[in-house]
Amino acid sequence: MPEPTRPLHLAVALDRPGTYAAEPYAEAARLAERGRFDFVTLGDSFGPPGRGRGRLDALAVLARVAPATERIGLVPTVTTTHTEPFHVSSALATLDWASRGRAGWTVGVSTDDREAAVFGRRDAPDAWAAWREAEAVADVVARLWDSWEDDAEIRDVPTGRFVDRDKLHHVDFEGPGFSVRGPSIVPRPPQGRPVIAVDATAPAAQATAARHADVAYVRVGNLDDPRAGHTVRAARGELRQRARAHDRDPGGRAGRLVVLASLPVALHAAADAVALADLVDRWYTDGVADGFHFRPRDPDRDLALLVDGTVPVLQHRGLLRGFYPGSTLREHLCLARPANRYATVRETA
């Protein structure tokens, strides 16, 4: 089977409301790994239990899934509103270490008054203010990951020196409503910086996606809408144009921006799985998106049909690879490992 020259990227959501055990998520992630998906996602919110919104902490669940999988990327939603950026950075760096370089995060925001009341610290911001704050959090989190140079750990037993203090850096960042001095308490992650994803469907999120995201989702509500493909294509073009305005090369490795069409999926039969493969083939070949993020309605039935129905068709057509070419999520997505900004400055000086 020929391997595709332009990689098709696939991801799938593992959301299953009402499930409070880790093993079903691990089983689903292993199934998606068998289908050679680039990564799985898991949503999260601050909704209190008892209102149909409470759920397990997505990052903690995928930390449990990490040792149960080998290659697939793990991308939880982490809400930046009401959450300290220093803790976000540390938790995601830890997930990257636990998964040996397979971590990412979907940047989330909270604009719900009920969720703000759970914390009791401030009122819920509007969407534009929440995303301005999220953009600052994404910036400082990346700086914290860079606050340890790659070779800062020396572990010199004879002298008792664990780190080279000259290779630890203070970030000294002032954001809207927070400040971070640094450095991080966790060494620089294996990927340098875990992959950052943003749902860029809403206008308020697009600036954050264009500046900081490695992956951007564009949600489709109804696949029967004849305008759906045009909407995704237009959004992809707009995001790439805005990324270039921030001196990024969205088609290269260093500034790459992977735009995924996020599709609702409800398969009842093998024929539906083939029909979905036809749509993926058509949209991908026509340049509508760089790949697809599937949101199954029935997490057990739909994921199995995706892996055993849709994926083999795409592989047979030479659109989808039959193996993982690397071991990290950045390698799956053809993203370069970023240079450490502080090390670069020090070397230049």
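Residue numbers start from 1 along each chain as its sequence is written. In this predicted model, local features need pLDDT of at least 70, side-chain atom pairs count only at pLDDT 80 or more, and totals for chains, interfaces and linings use all residues, while side-chain values use heavy atoms, without hydrogens and water.

**Aromatic pairs**

The structure holds 4 aromatic pairs. Rings of Phe, Tyr and Trp (its six-membered ring) pair if their centres lie within 6.5 Å; planes under 30 degrees apart are stacked, over 60 edge-to-face, and the rest tilted. Select F37 and F294: this pair is edge-to-face, with 6.3 Å centre to centre and 80° between the planes. F37 sits in the loop between α1 (23-34) and β2 (39-42) and F294 in strand β12 (residues 291-296), so the pair ties together parts 257 residues apart in sequence. Helices (H or I, at least four residues) and strands (E, at least two) are DSSP runs, numbered from the N terminus. F37 counts as buried at 0% relative accessibility, and F294 counts as buried at 0% relative accessibility. Buried means under 20% relative accessible area, exposed over 50%, and partly exposed in between (1.4 Å probe, protein chains only).

Next select F173 and F178, a stacked pair with 6.1 Å centre to centre and 15° between the planes. F173 and F178 are buried.

**Strand β12**

Select β12, where 6 of its 6 residues are buried. G291, H293 and R295 point one way, and F292, F294 and P296 the other way. In a regular strand the side chains alternate between the two faces of the sheet.

Show the neighbouring strands (two strands pair if DSSP finds at least two bridges between them). Strand β1 (residues 9-13) runs parallel to β12 and is joined to it by 4 bridges; V12 has F294 as its bridge partner. Strand β11 (residues 258-265) pairs with β12 in the parallel sense over 6 bridges, and S262 stands opposite H293.

**Helix α3**

Finish at R100, which follows α3 and has a positive phi, near 60°.
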